[in-house]
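I opened this notebook to keep track of what I looked up, one topic at a time.

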Amino acid sequence: MKRIAKFEKVSLEQFKKDWADTFPECSEKDMETIYEEIKLPKRATSGSAGYDFYTPAGFSLKPGEGIKIPTGIRARMEEGWVLKIYPRSGLGFKFRLQLNNTVGIIDSDYYNSDNEGHIQIKMTNDSKEGKTVELAAGTGIAQGIFLEYGITEDDEADGVRNGGFGSTTKQ
């Protein structure tokens, strides 16, 4: 296997900023504790394609409810590669827990964004059976797969990313 990427934590300052945006009631001390417990994504087996992303804190979602989870994670990868984020198949199968953007696309230049390339995952419990999802801190919530991609022969893109969600369409 070709080794093309490395997962890292974002800075504590960036994590606290993003965590407070989603969970404003969380204390500074609790945010620091949550940050210290963040698990870097990893594969479960040598044959796994996906790197499991874990929730830094437990949460509960009733049917129709959604949540944005700042993972505390960033991914440095070689140019020409992309990290695609998918729902964990078991959670989707059991609860219809879905990513709001269906598949997250993490470009290689996202790492250098103003938000340190902080990967955030927005999910919704789309249960049609009235099931509430309850997940403990450290539970796998999504999986990321690195894929190589190509570009067209006449591609002349020369823009520079400076932001997160939707920033590449603002140029």
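**Entry 1: strands on E10**

I began with strand E5 (residues 81-87) and E10, which pair in the antiparallel sense over seven bridges. My notes use these terms: helices (H or I, at least four residues) and strands (E, at least two) are DSSP runs, numbered from the N terminus, and two strands pair if DSSP finds at least two bridges between them. Tryptophan 81 stands opposite glutamate 148 in E10.

Before going on, I noted that this is a predicted model, in which local features need pLDDT of at least 70, side-chain atom pairs count only at pLDDT 80 or more, and totals for chains, interfaces and linings use all residues. Residues are numbered from 1 along each chain as its sequence is written, and side-chain values use heavy atoms, with hydrogens and water left out.

I then looked up strand E2 (residues 51-54), which pairs with strand E10 (residues 140-148) in the antiparallel sense over four bridges. Tyrosine 54 has glycine 140 as its bridge partner in E10. E5 also pairs with E7, again in the antiparallel sense and over four bridges; there, lysine 84 has isoleucine 105 of E7 as its bridge partner.

Put together, these strands give an open sheet of four with the order E2-E10-E5-E7 and antiparallel pairing. E2 and E7 stand at the edges with a single partner strand each, so one side of each is left without a neighbour in the sheet. Neighbouring strands here are turned by 30 degrees against each other on average, direction ignored. For the angles, axes are lines fitted to C-alpha atoms (for helices over the stretch in contact), and angles run from 0 to 180 degrees between N-to-C directions.

**Entry 2: the sheet with E1**

Next I traced an open sheet of four strands in the order E1-E4-E8-E6, with antiparallel pairing. Its edge strands are E1 and strand E6 (97-99), each of which pairs on one side only. E1 and E4 run antiparallel and are joined by five bridges, and lysine 9 stands opposite isoleucine 73 in E4.

**Entry 3: salt bridges**

How many salt bridges are there? I count nine, taking a salt bridge as a side-chain nitrogen of Lys or Arg within 4 Å of a carboxyl oxygen of Asp or Glu.

I wrote down lysine 68 with aspartate 21, whose closest N and O atoms are 2.8 Å apart. Lysine 68 lies in strand E4 and aspartate 21 in helix H1, so this pair ties together parts that are 47 residues apart in sequence. Lysine 68 is partly exposed at a relative accessible area of 25%, while aspartate 21 counts as exposed at 55%. My cut-offs are under 20% relative accessible area for buried, over 50% for exposed and partly exposed in between (1.4 Å probe, protein chains only).

Glutamate 8 forms a salt bridge with arginine 76, the closest N and O atoms being 3.6 Å apart. Glutamate 8 lies in strand E1 (residues 5-9) and arginine 76 in strand E4 (residues 66-77), so the pair ties together parts that are 68 residues apart in sequence. Arginine 76 is partly exposed, at 38%.

Glutamate 28 pairs with lysine 16 in a salt bridge with its closest N and O atoms 2.5 Å apart. This pair links glutamate 28 in helix H2 (residues 28-36) to lysine 16 in helix H1 (residues 12-22), 12 residues apart. Glutamate 28 is partly exposed at 47%, whereas lysine 16 counts as buried at 16%.

**Entry 4: a loop residue**

Is asparagine 115 buried or exposed? I found asparagine 115 buried, with a relative accessible area of 13%. Asparagine 115 lies in the loop between strand E7 (104-107) and strand E8 (119-125). The C-alpha atoms of asparagine 115 and aspartate 18 are separated by 8.8 Å, although these residues are 97 residues apart along the chain.
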